[in-house]
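Thank you all for coming; I would like to walk you through one structure today. Please have the sequence and the model open while I talk.

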Amino acid sequence: MCGAGPARRAQMKARKEPGAVTRRQFMAASAMSSAAWAAGCTSQSGDWESLSEDQAGTLAVICDQIVPADDFPSASQAGVVTYIDRQLSRHYRRHRMAYAHGLEQAESISAKRFGHGLAQATAEQRLQAARALEQENRTFFELVRKHTLEGYYGSPRHGGNRDAVSWRMLGLAEPPVRGRARDVFSKGTRS
Amino acid sequence: MKRVNAVVVGAGAAGGIVARELATAGLSVVLLERGKWYTANDCRKDDLRNQRTTVLGNAFGPEDEGNPRVWVDSRGEANVVLPSEGAYQNNAACVGGGTLSYGAMAWRFMPQDFRMRSTYGAPQGSSLEDWPIGYDDLEPFYDKAEYEIGVSGDESGNPFHGPRRRGLPMPPLPPNREFGILEPAAKRLGLHPFPIPMLRNSVPYNGRGECMRCRWCVGFACEVDAKNGSQNTVIPSALATGNCELRTQCMVREILTDERGRARGVSYFDEKGRLQEQLSDIVVVSACAIESARLLLNSKSRLFPDGLGNRYDQVGRNLQGHHYTGAMGFFDFETYDDVGPGASIAISDYNHGTPGLCGGGLLANEFIRLPIHTLDRLPPGTPRWGAGHKRAMREFHRRTMIVMGPTQQIPTADGRVTLDPAVEDQWGLPVARLSGNSHPHTFEIGEVQARRAEAWLKEAGAVETSLMAGRPEIVSSGQHQAGTCRMGDDPHGSVVNRNCQVHDVDNVFVIDGSVHVTNGGFNPVLTIMAIAYFASDALVRNWKGTGFRS
């Protein structure tokens, strides 16, 4: 059992329903504290629907370059890896190969340039790797960019934008002032 | 299955009205709809899956699976496209059609819009034509649509509209913040701003309440049922007559004809995929411009080897919609107030009368935007990702206004719908194949309109602006699709007569946007509704027992 760092414990505590924290959310939330999963802190029976643990880790790093943390969470902290993982088994099934190749390429960029994987990379190296990926495989980078922004700014019902965090960031009332409240999001997804 | 007087194919804006008018006149009607019947409870507030933002698919049909189309691009290459992709030019597949989830702008066309060729002459290479009917013919039916479906607004500040017998049944919604900023700016420019007429309750009307002004508007089913479409007005009222039966999830395969070339009904796949026949005295096709044309083309027989009504190769031609252009304005103060429907103010100053331009279009502020709509609508030079993009989202989501409008398209004969020779849908029917484009003059008008929108935003205090004016490689038809079964007096250049009756098959009617000769510089739905009332009126007047004369 890996020890959850202080940041992760804080996030778990902050959730209103600690029992509802799934392995998937837990991993997404922790992906930014890279050392954790890089040190072998991954589940053999991870419950990602489409990605392997390693792929999810790589993806989290790239997503977090597209939407980094500031005083509001980064993409992976807001559940974007969950969003993309789910849709790779649903609406984005057709992009699975692109992800498999693209994530591999991202790791090989890191290995070639820095001599280690993205997990061990510094913040600056990760940004450089993202820029290099954008140059070397623009098609894939555009795809991840699009999916990351959708997940971060779209409806929380699909697993990203957890607790409507991006909407709050933009100053939108949440739950909304008018109409049904956000309980509609808990009905899960059909897409 | 019991023979009926009329089968209506498609329960959208027009089909719902036709069903209701025929049923009220005592005809027995079967209304067939390929989609489902959704209600206000189906407003899922899903920013990624609705009829406007189809990142994860359409909320109100069709599904991506089993419903492809083919788009031929400018290099002549055929691409299979899915309903959630832009090139598909989707509207909707459900009871109510587009009216369940639309933005609900309720425009009348202007008198000039029915006489485009006489007013401007046809640009070379275009198929610009006059309508066989005029504004005055439709005026009583515009009025009927405004009162029966329900329109709010106040056009007294618009000096450009055609004559009208009375005002609208509901006052406009109170102005939002964008209205308050844009109105004085327009006036300073010598323009004539006024509130946008909307098929939306501003006060309780027709037994339903008023708009609660939420953020989930265009693209969504209205959660409080304050948006007026055929699904909550004429269709329930058609069913209440006892003369109309609505069958959902029924996909019509073809119009059946007899030895003499008259229609005898339709064959369709029911909700379980079984092939059924519904015999009838008349068939009304109201499936929206692309699917209506496809159904006629798929209705081949010995007498109609190239499709019903297609003797002169006119079915599917003149596909048009609107070429949207405009500008974004970025402000150093908050313009966003989180009050729907957002779109509130318009000008009609630029629809007609600019020397050198064949028409123009209305300009209005855009519907309320969800964060997902702002991602690529940030000031020029904004980083596309990273900390800079996130910062710009925070800075500008609430400090941006968009003014844009539907430039009236100049149609061409080769902007068209045909049948794809290879691709079939889930029922094994050849799918629509879209090819060609608008006339290039359309894009020139659109560019002028974009600069006008920009000037309005600058006058309103925009510190930075960005033009939105492209030259798409495809006829932008989508939710405003029209023109594919043109109305006209000459069978060689049109598909239906002024009463929407197919020229050489007197008991088949096409009643929807397909019959539009030109599509106005306005959202077309109120005109589609007016034509449905107009054509139903003629049909009922000519109806004689189980037949009719024309």
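**Cysteines, interface and salt bridges**

Let me begin with a cysteine of chain B: Cys485(B) is buried, with a relative accessible area of 0%, where buried means under 20% relative accessible area, exposed means over 50%, and partly exposed is what lies in between, computed with a 1.4 Å probe on the protein chains only.

Before I go further, a word on how to read this: it is a predicted model, in which local features need pLDDT of at least 70 and side-chain atom pairs count only at pLDDT 80 or more, while totals for chains, interfaces and linings use all residues. Residues are numbered from 1 along each chain as its sequence is written, chains are lettered from A and ligands numbered from 1 in the order in which they are written, and side-chain values use heavy atoms, with hydrogens and water left out.

Now to the disulfides. A disulfide is a covalent bond between the sulfur atoms of two cysteines, and the rule used here asks for a pair of cysteine sulfur atoms within 2.5 Å. How many disulfides does a search of the whole structure find over all chains? The search finds zero. Cys485(B) is in no disulfide, and the nearest cysteine sulfur, which belongs to Cys500(B), is 10 Å away. For Cys214(B), which is also in no disulfide, the nearest cysteine sulfur is that of Cys43(B), at 6.4 Å; Cys214(B) is buried, at a relative accessible area of 12%.

Let me turn to the place where the two chains meet. Taking contact to mean heavy atoms within 4.5 Å, 43 residues of chain A are in contact with 38 residues of chain B. Between them the chains bury about 3,600 Å², 52% of it on carbon and sulfur atoms, buried area being the accessible area (1.4 Å probe) that two parts lose on being put together, summed over both.

Across this interface the rule finds 16 residue pairs in polar contact, both residues being at pLDDT 80 or more. A polar contact is a pair of N or O atoms within 3.5 Å; within protein, one must be able to donate a hydrogen and the other to accept it, and residues adjacent in sequence count only if both atoms are side-chain atoms. Which element gives the largest share of the side of chain A that touches chain B? That is H8(A), with seven residues; helices here are DSSP runs of H or I with at least four residues, strands are runs of E with at least two, and both are numbered from the N terminus.

The interface also holds five salt bridges by the rule, which asks for a side-chain nitrogen of Lys or Arg within 4 Å of a carboxyl oxygen of Asp or Glu. In one of these pairings between the chains, the side chains of Arg394(B) and Asp71(A) meet at 3.0 Å, N to O.

Over all chains, the structure holds 50 salt bridges. Side chains of opposite charge can pair when their charged atoms come close. In chain A, the side chains of Lys146(A) and Glu150(A) meet in a salt bridge at 2.6 Å, N to O, and because the two are four residues apart in helix H8 of chain A, they are separated by about one helical turn. Lys146(A) is partly exposed, at 39% relative accessibility, whereas Glu150(A) is buried, at 2%.

In chain B, Glu447(B) forms a salt bridge with Arg471(B), with the closest N and O atoms 2.9 Å apart. Glu447(B) lies in helix H9 (residues 440-459) of chain B and Arg471(B) in the loop between S16 and S17, so this pair ties together parts that are 24 residues apart in sequence. Glu447(B) is partly exposed, with a relative accessible area of 24%, and Arg471(B) is partly exposed as well, with 46%.

I will finish with Gln481(B), found in the loop between strand S16 (464-468) and strand S17 (508-510) of chain B. Is Gln481(B) buried or exposed? Gln481(B) is buried, with a relative accessible area of 4%. The side chain of Gln481(B) reaches the backbone nitrogen of Ala289(B) at 3.3 Å, and a polar atom of that side chain lies 2.8 Å from the backbone oxygen of Gly478(B).
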